[in-house]
Structures are given as C-alpha cells and as structure tokens.
Amino acid sequence: MWIRWFLARLNRRGLGRAGLFKWMPFGTLIANVSAACVMAALSTVKEAVNTKDCDTIVIGTQLGLLGCLSTVSTFAAEFNAMKESNHPWRAYVYAIITMCASFVLVILIYYVPVWATGYDTST
C-alpha cells in the first residue's frame, strides 16, 4: 500500500521540468510494469531453486505484495477516464505502453535465463 501511495504521487506530474506527458499516469505505469518484472524474476528463482519452501515464499510474495502493487482496477479506471476525455487516443497509448513494456521485460527476465540454463517449464 505504501509503495502504491508513493508511486501515485507521480501521476499527473509529467516528465522533466517541463512536465511533458502530464496525461500519462506514470506512477501506475511504473507500479504495474515493475510488479510484472519482479513476478517474472521470482518465477525464475522458483524454477532455479525448486523447493517447497521457496515455492511458498515466491507464491506468497507474488500474490500478496505484487498482486497489491499491480492493480487492474486502477489501470481500468484510468483507461476509462482517458477514453471518456477529449483525447480518447491517450487511453489506447497508455494501454499499449503498459502491456508491451510488461510483455517485453517479462520475456527478457524470465525466458532468457530459462532458455540459457534449460529449466524444464512444463511442470
């Protein structure tokens, strides 16, 4: 909750001193993408360690901490607000950036080590 609160302060600030892209909720974007990245990293650790204790800790962290950090409800509310604004295209830009950044980073974080070391991901 504290992490989300801190990151929410980045929304509507924009980038740099000029405040470019103030319409982009950077706090929520950072929260969602970073949660996806840490989930991928923990999944890689889970594959490498492969013990019951590690599985329990990883799943608990993923569902508890990271599940709270990345909230679909906030993303959906912001998407809907942007879609109903005077610039509805911004909603789609925000959604595409969020999903593509998460997808690409998760592939790099999880699958590159799995492919490099040959972990069996079929289980």
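Reader: About how much space lies in the largest pocket?

Author: Keep in mind that this is a predicted model. The pocket is lined by N11, R12, K22, W23, M24, P25, E78, A81, M82, S85 and R90. The space in this largest pocket comes to about 240 Å³.

Reader: Which helix gives the largest share of the lining of the largest pocket?

Author: Sorted by class, the lining has 5 nonpolar, 2 polar and 4 charged residues. E78, A81 and M82 are among the lining residues. The largest share, 3 residues, comes from residues 72-83, that is, helix α4.

Reader: What about the second largest pocket: how many charged residues does its lining have?

Author: That pocket holds about 170 Å³ of space. Its lining is made of N32, A35, A36, M39, S70, T71, V72, F75, T98 and M99. By class, that gives 6 nonpolar residues, 4 polar ones, and for charged residues the number is none.

Reader: And which element gives the largest share of the lining of the second largest pocket?

Author: The elements that contribute two or more residues to this lining are α2, α4 and α5. The largest share is 4 residues, and the helix they come from is α2.

Reader: Let me step back to the whole chain. What pattern does the protein chain follow along the sequence?

Author: The C-alpha trace spans about 50 × 30 × 30 Å along its principal axes. The secondary structure comes to 5 helices and 0 strands. Read along the sequence, then, the pattern is α-α-α-α-α.

Reader: Are α2 and α5 roughly parallel or roughly antiparallel?

Author: Helix α2 covers residues 26-49 and helix α5 covers residues 89-117, and their axes are 9 Å apart. The packing angle is about 20 degrees. Angles under 35 degrees count as roughly parallel. Because of that angle, α2 and α5 are roughly parallel.

Reader: In which hand does α2 pass α5?

Author: On the α2 side, the residues in contact include L29, V33, A36, C37 and A40. On the α5 side, they include Y94, I97, A101, L105 and I109. As for the hand, the crossing of α2 with α5 is right-handed.

Reader: How many charged residues does the contact of α2 with α5 have?

Author: Among the α2 residues that meet α5 are T28, N32, S43, T44 and E47. By class, the contact has 14 nonpolar and 6 polar residues, and the charged count is 1.

Reader: Now α2 and α3: are they roughly parallel or roughly antiparallel?

Author: Helix α3 takes in residues 52-69, and its axis lies 10 Å from that of α2. The two pack at an angle of about 175 degrees. Angles over 145 degrees count as roughly antiparallel. The angle is therefore what makes α2 and α3 roughly antiparallel.

Reader: How many nonpolar residues are in the contact of α2 with α3?

Author: From α2, the contact includes A31, A35, V38, M39 and L42. From α3, it includes V58, I59, Q62, L66 and L69. By class there are 6 polar and 2 charged residues, while the nonpolar residues number 12.

Reader: How are α4 and α5 set: roughly parallel or roughly antiparallel?

Author: Their axes come within 7 Å and cross at roughly 150 degrees. The cut-off for this label is over 145 degrees. So α4 and α5 are roughly antiparallel.

Reader: Which residues of α4 make the contact with α5?

Author: Across both helices, the contact has 8 nonpolar, 1 polar and 3 charged residues. The α5 side consists of R90, A91, Y92, Y94, A95, T98 and M99. The α4 side is F75, E78, F79, M82 and K83.

Reader: One last thing, about C68. How far apart in space are C68 and W2?

Author: C68 lies in helix α3. Leaving out residues up to four places away in sequence, C68 touches R4 and L63. C68 and W2 are 66 residues apart in sequence, yet from C-alpha to C-alpha the distance in space is 10 Å.

Definitions and conventions. Residues are numbered from 1 along each chain as its sequence is written. This is a predicted model: local features need pLDDT of at least 70, side-chain atom pairs count only at pLDDT 80 or more; totals for chains, interfaces and linings use all residues. Side-chain values use heavy atoms; hydrogens and water are left out. Axes are lines fitted to C-alpha atoms, for helices over the stretch in contact, and angles run from 0 to 180 degrees between N-to-C directions. Angles under 35 degrees count as roughly parallel, over 145 as roughly antiparallel, 65 to 115 as roughly perpendicular and the rest as oblique. A crossing is left-handed if the near helix is turned anticlockwise from the far one by less than a right angle, and right-handed if clockwise. Contact means heavy atoms within 4.5 Å. Ala, Val, Leu, Ile, Met, Phe, Trp, Tyr, Cys and Pro count as nonpolar, Asp, Glu, Lys and Arg as charged, and the others, Gly among them, as polar. On a 1 Å grid over the protein atoms alone, a cavity is a set of points where a 1.4 Å probe fits but cannot get out, and a pocket is an open set with protein on both sides within 12 Å along at least five of seven lines; lining residues have an atom within 4 Å of a point. Grid points are joined across faces, edges and corners, and a volume is the space filled by probe spheres set on the points.
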